[in-house]
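Please look through the structure below with its strands, charged pairs and aromatic rings in mind. The report that follows takes these topics in turn.

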Amino acid sequence: MQIPISLPLDSDGFLRRECPNCELEFKWHHGKTPDAPEDFVYPPVYWCPRCGRSAGHDSWWTPEQLDYARAAAMGPMLDQLDDELAGATRGSKHLSIKLSSERPEIPDPMVEPDDMIALQPPCHPWEPVKVPENSAQPHFCLVCGEAFAA
């Protein structure tokens, strides 16, 4: 079962992320930038621009994004489960199953503010990040983890 969930980008096309190691927030550009080399192969991990430690691609969700995704997916998941249970017992005179839980409210869409400044690492300038204006130096390249000063 796949349930599409949309997360908001800021006005420059950046998605908010949270490092699983330091738990600090930053943003990375959603998708390839126009300056990215066509043949560039992205690594299997990304490096946090704030602490410099790495993690797999699916490790960077904020708690708010995970809560939103769970809440947005719950209704469709319960509907499908209810349909499958009804189909499995259809035609039976002795067995009928119906979910009795209330469907959760669909959460309001998330909003992404324009609240950080953009940095381009000198080693991979086509992969910019955004960090809070007062974040500590150095920063680290999202692609290779190399430290740089803004």
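## Loops and backbone geometry

Pro138 lies in the loop between β6 and β7 (139-140), where strands, like helices, are DSSP runs numbered from the N terminus (E, at least two residues, for strands; H or I, at least four, for helices). The peptide bond that joins Gln137 to Pro138 is cis, with omega at about -5 degrees. The model is a predicted one, in which local features need pLDDT of at least 70 and side-chain atom pairs count only at pLDDT 80 or more, while totals for chains, interfaces and linings use all residues. Residues are numbered from 1 along each chain as its sequence is written, and side-chain values use heavy atoms, with hydrogens and water left out.

Glu23, found in the loop between β1 and β2, has a positive phi near 60 degrees although it is a residue other than glycine. Glu23 is exposed, with a relative accessible area of 57%; here exposed means over 50%, buried means under 20% and partly exposed lies in between (1.4 Å probe, protein chains only). Asp39, in the loop between β2 and β3 (45-47), is likewise exposed, with a relative accessible area of 66%.

## Strand pairing around β2

Strand β1 (residues 14-18) is joined to β2 by 5 bridges, and the two run antiparallel; strands are taken to pair if DSSP finds at least two bridges between them. β1 and β2 form a hairpin with 6 residues between them, and Glu18 stands opposite Glu25 in β2.

Strand β2 (residues 25-29) is mostly covered, since 4 of its 5 residues are buried. β2 is also joined to strand β6 (residues 129-131), by 2 bridges and again antiparallel, and the bridge partner of Lys27 in β6 is Lys130.

## Salt bridges

A search of the whole structure finds 9 salt bridges, each being a side-chain nitrogen of Lys or Arg within 4 Å of a carboxyl oxygen of Asp or Glu. Asp10 forms one with Lys130, the closest N and O atoms being 2.9 Å apart, and this pair links Asp10 in the segment before β1 to Lys130 in strand β6, 120 residues apart. Asp10 counts as buried at 5% relative accessibility, and Lys130 is buried at 3%. Lys130 also forms a salt bridge with Asp12, with the closest N and O atoms 2.7 Å apart; Asp12, at 46% relative accessibility, counts as partly exposed.

What is the N to O distance where the side chains of Lys27 and Asp115 meet in a salt bridge? The distance is 3.0 Å, and because Lys27 lies in strand β2 and Asp115 in the loop between α1 and β5 (117-119), the pair ties together parts that are 88 residues apart in sequence. Lys27 counts as buried at 0% relative accessibility, whereas Asp115 is partly exposed at 39%. Asp10, Asp12, Lys27, Asp115 and Lys130 are among the residues linked in a network of salt bridges.

## Aromatic rings

Rings of Phe, Tyr and Trp (its six-membered ring) pair if their centres lie within 6.5 Å, with planes under 30 degrees apart counted as stacked, over 60 as edge-to-face and the rest as tilted. By this rule the count comes to 6 aromatic pairs. The pair of Phe40 and Tyr42 is edge-to-face, because the ring centres are 4.8 Å apart and the planes stand at 85 degrees. Ring pairs also link Phe26, Trp28, Tyr46 and Trp60 into a cluster.
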